[in-house]
Amino acid sequence: MPLKDLVPDAAELLGAWPTEPRIYHHGAHAFDGLLTMAEVDALIDHDCLPNRNVRLIRDGETVDDREYSATPDMPNPGAVRSYLDDGCSLSIRRLQTIKPSLSILRREVAAETGYETHFNAYLTPPRQHGLRYHFDPYVTLVLQIHGSKVWPLHRPFVEHPVEEYENFRRRGFTEKERLILAHTPPDEEVTLNPGDVFWLPRGWVHSPHNRDGDEPSLHLTFALKQRTLHWAAEEIAGVINRHLLDDPEARDGIPPARLLDDTEAIVEDVRQILVAALMSMDAKEMAATVRRAALAEAPSPAPRLR
């Protein structure tokens, strides 16, 4: 199931990621080959989920696994179902490590995009909330599997957040942003039903909940961690630094007096070394290095300096 089986305009998306949310409608059982409610129930009721794949959410906050685990590895027998019965939501983390169908899809989409990917599943009881308002540093494809879920959406407060910059887990919301979320209606609100695929651009603030009906809501979130120029620069800089080890001048020690009193000259020396290394590197071989990194291929020799 490549990307085009999830979104019909895959060719357009591969050319330029949309910055506005989109919904694609499929049949109610379109994703039975990926995951079903019965399979999730079986994983829960047969105690097949280790702690590394479990996150229970109560009132929008993650439950400390020491509450429901006697050992570091597994929840207590029946604990996950008990917490669900009490109104908690369940996030099954990195489900591609458990479900072969999702592992295959992850590899297929990673090969199409060059992006790092992973799956999480979210099971929310009727009339309960999942995570409270937050935003993600990656594009998310949401596949609604069972039941329905309402997604209130606010436009991004941060332009193009990434793991290393303005990551919500580290920054949270400012006081002004909290006031906006508390007193301003969402910019959009969408309801997902089985077979729907929801394209959620990174940075959009959301707080999905199972508002209506008597059925639990189950959806998959497929994270697509966008490659950026910053990421490409890190890959190239890593190659240059490895090459500098071949240069005796770069390996020569810096006298303490110069290190402490002549740092501007040191910076200028480093600038010249880096620029010379960058300009002397074969562009085609450097491009191949970036492509290998994107596709997570086995390491191969670094590009040669001319």
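I started with the largest pocket, which holds about 720 Å³ of space. For the record, this is a predicted model, where local features need pLDDT of at least 70, side-chain atom pairs count only at pLDDT 80 or more, and totals for chains, interfaces and linings use all residues. Residues are numbered from 1 along each chain as its sequence is written, and side-chain values use heavy atoms, with hydrogens and water left out.

My pocket search ran on a 1 Å grid over the protein atoms alone: a pocket is an open set of points with protein on both sides within 12 Å along at least five of seven lines, a cavity is a set where a 1.4 Å probe fits but cannot get out, and lining residues have an atom within 4 Å of a point. Volume here is the space filled by probe spheres set on the points, which are joined across faces, edges and corners.

I counted 37 lining residues for the largest pocket, with Arg55, Tyr122, Leu131, His134 and Asp136 nearest its centre. Elements giving two or more residues include β2 (54-58), β5 (116-124), β7 (139-146) and α5 (168-171). Strand β13 gives the most, 5 residues. (Helices, H or I, of at least four residues and strands, E, of at least two are DSSP runs numbered from the N terminus.) By class I got 14 nonpolar, 13 polar and 10 charged, where Ala, Val, Leu, Ile, Met, Phe, Trp, Tyr, Cys and Pro are nonpolar, Asp, Glu, Lys and Arg charged, and the others, Gly among them, polar.

Next, cavities: I found 2 of 30 Å³ or more in the whole structure. The largest has about 50 Å³ of space, and its lining is Leu43, Ile44, Asp47, Leu49, Met74, Pro75, Asn76 and Val80.

Then I looked at α7 (residues 229-244) against α10 (residues 263-280): they pack at about 105°, axes 10 Å apart. (Axes are lines fitted to C-alpha atoms over the stretch in contact, with angles from 0 to 180 degrees between N-to-C directions.) That makes α7 roughly perpendicular to α10 (65 to 115 degrees). Touching, with heavy atoms within 4.5 Å, are Ile236, Ile240 and Leu244 of α7 and Ile273, Leu274, Ala277 and Leu278 of α10. I note 7 nonpolar residues there, no polar and no charged.

Last, aromatics: I have 9 pairs, pairing rings of Phe, Tyr and Trp (its six-membered ring) with centres within 6.5 Å, and calling planes under 30 degrees apart stacked, over 60 edge-to-face and the rest tilted. Trp17 and Trp199 have ring centres 4.9 Å apart and planes at 70°, so I logged the pair as edge-to-face. Trp17 sits in the loop between α1 (10-15) and β1 (22-25) and Trp199 in strand β10 (residues 196-200), so the pair ties together parts 182 residues apart in sequence.

Technical notes:
Parallel < 35°, antiparallel > 145°, perpendicular 65-115°, else oblique.
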